[in-house]
Protein chains: 2
Amino acid sequence: MMDPQKGSNSEQAALADFLSRRERLLGKNAPLFYDTPLHLVRGEGVYLYDAEGNQYLDVYNNVPNVGHCHPKVVAALTRQASTLNIHTRYLHHAILDYAESLTNTMCSSLSSVMFTCTGSEANDLALRIARQATGSLGVICTDETYHGNTAAVDQLATLFNGGKPRGPHVKSVPFPDTYRPPMEWDANDLCDRYLASLDRAIAELEEEGLGVAAVLLCPIFANEGVPTAPPGYLQGVVDRVRARGGLVIFDEVQSGFGRTGNMWGYEYARVIPDIVTLGKPMGNGHPVAGVVAPTDLVDAFRGDVMYFNTFGGNPVSCAVAQAVLDVIQEEQLVKNAAEVGAYLRSGLRVLQQRHDIVGDVRGPGLFIGAELVCDKSTKRPATETARLVVNKMKDRRILISKIGRFDNILKIRPPVIFSKSNADQLLETLDEVLVEVHRDGVLK
Amino acid sequence: MMDPQKGSNSEQAALADFLSRRERLLGKNAPLFYDTPLHLVRGEGVYLYDAEGNQYLDVYNNVPNVGHCHPKVVAALTRQASTLNIHTRYLHHAILDYAESLTNTMCSSLSSVMFTCTGSEANDLALRIARQATGSLGVICTDETYHGNTAAVDQLATLFNGGKPRGPHVKSVPFPDTYRPPMEWDANDLCDRYLASLDRAIAELEEEGLGVAAVLLCPIFANEGVPTAPPGYLQGVVDRVRARGGLVIFDEVQSGFGRTGNMWGYEYARVIPDIVTLGKPMGNGHPVAGVVAPTDLVDAFRGDVMYFNTFGGNPVSCAVAQAVLDVIQEEQLVKNAAEVGAYLRSGLRVLQQRHDIVGDVRGPGLFIGAELVCDKSTKRPATETARLVVNKMKDRRILISKIGRFDNILKIRPPVIFSKSNADQLLETLDEVLVEVHRDGVLK
């Protein structure tokens, strides 16, 4: 029998062939989105198109931050790739011009750039720098995080590693969450309780003789589900880690480049880190990433270690990244993320009033989490319903995802060109879908 | 007083400004080539051009393997970047078509691909796969190697890390070198002696309870200076490591894609590894890289670990890599590397007869090492003279480099489009430079 959501029998057979070829060439379990995967062939602005020509509103992808296939970015890519693409042991202007443009958007202490190709490489390098600078090995992260896929960075995560424990030099602390704190904690005391966990992690690292090299955090706790942290929490973390000689690394791979309605996540968080790491949206999809740190820290690291990254900072990557920065400024996308983000959050809060299943709406700028719960008082996570909602939204040609410890938080994170009319389309469709899942059965 | 090699006073002042800006933005000690760094602005085919319009013959760069800014590669890049650039959790054809084209050039056991953005990420991932598959931690490498810049891969190298020892789970073995073996070893017994070192490394890893996860080797020992290994050495390594349950990883980042006059370094070495890692020339400068392994190994890893690489295998990277593969085949560049490589080696051997300083000429295809020595009988490395030769070649508008434990081996490794007439230009100029350094003073 034919499933109307899955297309005709011949379409289903074609998809089965596609998937079996994919399993053979990329391995089983190569990750895919949606119950019925989506085959995309074109992107433009805030829209993606599937093989049948259907248009999807992209409310998920933060990498094509200034819009899919932005013509200025593609033009810069083509121009430089036609002219010169070479490593950085020859001199070229593009890398210096971009490094200057980039650091000019940051506070004065963040003054030198080490280029990499991916956010994983950037976080891996930042940890190397911190360990080199402090002579300590210990690293602190949150307990529901992900910072990348290298062996060293993977030691911080348990999220995707099949339940293995964190690496030997890593301590985790509960991520701060005023909506869903540990049950036994007093709501008036949350900041102190979360910081007390940090104090314990620091003490353990010191007792084990590892010391504190760094805390590595996303300033908006993106992979934790953009929880709302208690006021003062991040400043407390920074003060405590610095007091023990550690460095504060902010992973701005997701929070950077305007996402929060500020240029940088650390501005949103109102805390200045020692090091930031960059990635995803930096090249609008082109693999360029990096570490920004005080010049003396970079000097000291480079003095000890001959770090070289073959593709990192090549003129093509820098021309692309410069075009992305220019577009963010010309199109005032930071302001747009702030304004459309606020508009969308308030629309979602109307839905929260209307639908029992929406327990919390939060997040900075255009990174919004809408937490689905079976019951607003018990806050029992509506994990299965979140899966249904995401798939039903896709069937209605809107792409969102879900995230969080219980996989029950709708992840709303469009390119920062997202408009109020795009937001209206999202809100109307989500309203319909929430009505439908409620009508169709019990929440779970 | 003006140094004619360094240009006018105003040119020198401009260079000083450039370098001071670079130190501020990228940190002191960001690596640079040549005594007076080269400022490049354009590349085309086998040529690079500096800011004054001077043309340089590129006999160094292996990344722009099919030639700088190859129009077919740039066209593929532009076409796909204008159409769709997205991660791999949606379906797209480009990644499967490329994975199929790529694995079709390899032996049947190398059947599935995991895409990354850099060779460092590929080696880091290959070590994760090997440790996961074997349940062992120990890794064996050579004693003068470099496989990349992540924290885990950096543990294999001592070459660029300021003299720190290798990581705790790593054992190194002397790289095989029939020209410069340990003095006390019998020349007739070299293969057995080198393999005995490997046996000891395996035994140590087993005694320490680490076991053997993998040996990670470049099949042409590129960073060791393309030494000639004793016949049977690599097969001996493979047999011994497999016998102890370890996997054989060949780092084909430099040896792959036609460099050796074979498509893959393992064909040149006549040994089939369990896993290969790819990088540098794969996208002719575009950041695309990967791990190729048996499907069951990839399945098992992906079953345990949710490995995802944001930019890895995106349609733009795959379109570019496919264009590179197509150009290699259409322009018969593997055959070219074999033929021009042989021609160049025999020309260099003529120079070796003519110049006392050239102690050895070796290497596969278009990766040639010419070892400079103060004296052909003692083989004392002519390190300082090698530096002079490389800089004098640059002043004559030919780019080569040097490599090896003593930094005395001329590194001759042009794009694989290099022609016999390019080879003639290199040979004539090198002949002149060798005459000049001999005339100018003592070798050192």
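1. In this predicted model, 25 residues of domain 1 of chain A are in contact with 26 residues of domain 2 of chain A. Three elements of chain A, namely α11 (333–354), β11 (358–362) and β12 (368–372), each contribute at least two residues to the side of domain 1 that touches domain 2. Of these, α11(A) provides the largest share of that side, with five residues.

2. As to composition, the side of domain 1 of chain A that touches domain 2 of chain A consists of 13 nonpolar, seven polar and five charged residues.

3. The two partners are defined by the domain assignment of chain A. Domain 1 is made up of two segments, 55–66 and 332–440, while domain 2 covers 71–330. A distance of 26 Å separates the C-alpha centres of domain 1 and domain 2 of chain A.

4. Chain A as a whole contains 13 helices and 15 strands. Among its contacts between residues at least 6 apart in sequence, 75% link residues that are at least 24 apart.

5. What radius of gyration does chain A have, and how does this value stand against that of a compact globule? The radius of gyration of chain A is 22 Å, and a compact globule of 444 residues would have one near 22 Å, so the two agree. Taken along the principal axes, the box filled by the C-alpha atoms of chain A is roughly 65 × 60 × 45 Å.

6. On burial, 57% of the 444 residues of chain A count as buried.

Technical notes. Residues numbered from 1 in each chain as written. Chains lettered and ligands numbered in written order. Predicted model: local features only at pLDDT ≥ 70, side-chain atom pairs only at ≥ 80, totals over all residues. Domains from an automatic or database assignment. Contact = placed C-beta atoms within 7 Å. Helix = DSSP H or I, 4+ residues; strand = E, 2+ residues; numbered from the N terminus. Nonpolar A, V, L, I, M, F, W, Y, C, P; charged D, E, K, R; others polar. Rg over C-alpha atoms; globule rule 2.2 N^0.38 Å. Buried ≥ 20, exposed ≤ 12 C-beta atoms within 10 Å, placed from the backbone.
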